[in-house]
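The stops below are meant to be taken in order.

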Amino acid sequence: MVIVGAGMAGVQTAVALREQGFTGSITLIGAEPHQPYDRPPLSKAVLLGKAEGSAFDVDFEALGVELRLGEEITGLRPADHELDAARGPIGYDTLVVATGAEPVRLPGAEGVPGVHLLRTLDDAERLRPVLAEQHTVVVVGAGWIGAEFATAARDAGCAVTVVEAADGPLAGALPAEVAAPMAQWYADAGAELRTHARVQRVEPGAVVLDDGSRLPADAVVVGIGARPATGWLAGSGIATGPDGAVVADASLRTSAPDVYAVGDCASFPSARYGRRLLVHHWDNALQGPRTVAAHILGAEPAPYDPVPYFWSEQFGRFVQYAGDHGDADATLWRGDPQSPAWSVCWLREGALVGLLAVGRPRDLAQGRKLIESGAALDPERVADPAVPLKSAKV
């Protein structure tokens, strides 16, 4: 058994295989030299110097898992059951692709001093002194990672300006009317949010926008999205989609025999939502490996079709999202979005399909179960924040 990718999805695949009784050899290959680590703390405790790292609490030796770290895989030849690596080919009986996602880079910014990404442990360690020295920071992109970094930078006392090409934060992730109240969070935290702002160029010490304005910047942090890290599969014959994700089936098998794909690098068909989903979040990387392990061991678990879930901590708020609102036909608010705690529920044909909870974890927990069950709900009760969501079932 060979697993390519030593992030959450790869590590959990190795763990799940052993937990479910796999007795063969397992080799876990990671491109980074570090002991496998968790990513969410990078934008929080690690970045602020409150933790030195976030290594997984996994005893790989006791599990009988061979780690090959600092080794980049450059190609795959399914017909030969071999991977290409700098130190020579690596054979496999069964392969799991778990290479995650890579950040989208800002054109023209590579090589400019002071420009940073925040994806890896090395990225976080390079950014720690920026925060410690309270530099003036420009963040490009008001998505989830941009908001989390801006939060950490303000907590550290940095002057922060966030530039976003769209008309508000979280463009593409949430409908504009739902994300609109979040724009005020930036101002309340002392960060400036500039929307409709496109970067023309980055130069040492400044970001120049397309309207000619020049923003001083001791450091620039780019957070404009991520794409599946699947370039190394070019020429392998493994099917990928227009988004670059490996096209996996409901068992997370790829188009090549004996090759599975899991986590941020793979999309899967969702019967619940009637389309293929690509979920770039921690919970997907945690759940998918259990399905992969079960199929490898010959079991027949249910098709992989989880309710997507993620969370974000930003500007003193705990934001959670479950499901997918893309095909909803009704949007219901629970509470005042100007208050510290509120939720938005998306329904389709009377059933809950998506939920955003700000400071209302009970709504999220109950809503996630309602999405799983597909139960019909009473819209009036859903819209009453005093009524527990679970009590809105018809």
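This is a predicted model: local features need pLDDT of at least 70, side-chain atom pairs count only at pLDDT 80 or more; totals for chains, interfaces and linings use all residues.

Residues are numbered from 1 along each chain as its sequence is written, and side-chain values use heavy atoms, with hydrogens and water left out.

**Stop 1: E192**

Select E192, which sits in strand β12 (residues 192-194). Helices (H or I, at least four residues) and strands (E, at least two) are DSSP runs, numbered from the N terminus. E192 has a relative accessible area of 41%, so it is partly exposed. The classes use a 1.4 Å probe and protein chains only: buried is under 20% relative accessible area, exposed is over 50%, and partly exposed lies in between.

Now show V160, T161 and V162: E192 touches these residues, leaving aside residues up to four places away in sequence. Contact here means heavy atoms within 4.5 Å.

**Stop 2: R194 and D211**

The structure holds 19 salt bridges, each defined as a side-chain nitrogen of Lys or Arg within 4 Å of a carboxyl oxygen of Asp or Glu. Select R194 and D211, a salt bridge whose closest N and O atoms are 3.9 Å apart. This pair links distant parts of the chain, 17 residues apart: R194 is in strand β12, and D211 is in the loop between β14 (206-209) and β15 (214-216).

**Stop 3: R214 and E203**

Next, select R214 and E203, whose side chains form a salt bridge with an N to O distance of 2.9 Å. R214 belongs to strand β15 and E203 to strand β13 (residues 199-203), so the pair links distant parts of the chain, 11 residues apart.

**Stop 4: R275 and D324**

Move to R275 and D324, where the closest N and O atoms of the salt bridge are 2.3 Å apart. R275 lies in strand β21 (residues 275-278), while D324 is in the loop between β23 (317-323) and β24 (330-334), 49 residues apart. R275 is partly exposed at 29% relative accessible area; D324 is buried at 17%.

**Stop 5: a network**

Finally, select R77, D80, E82 and D84, which are linked in a network of salt bridges.
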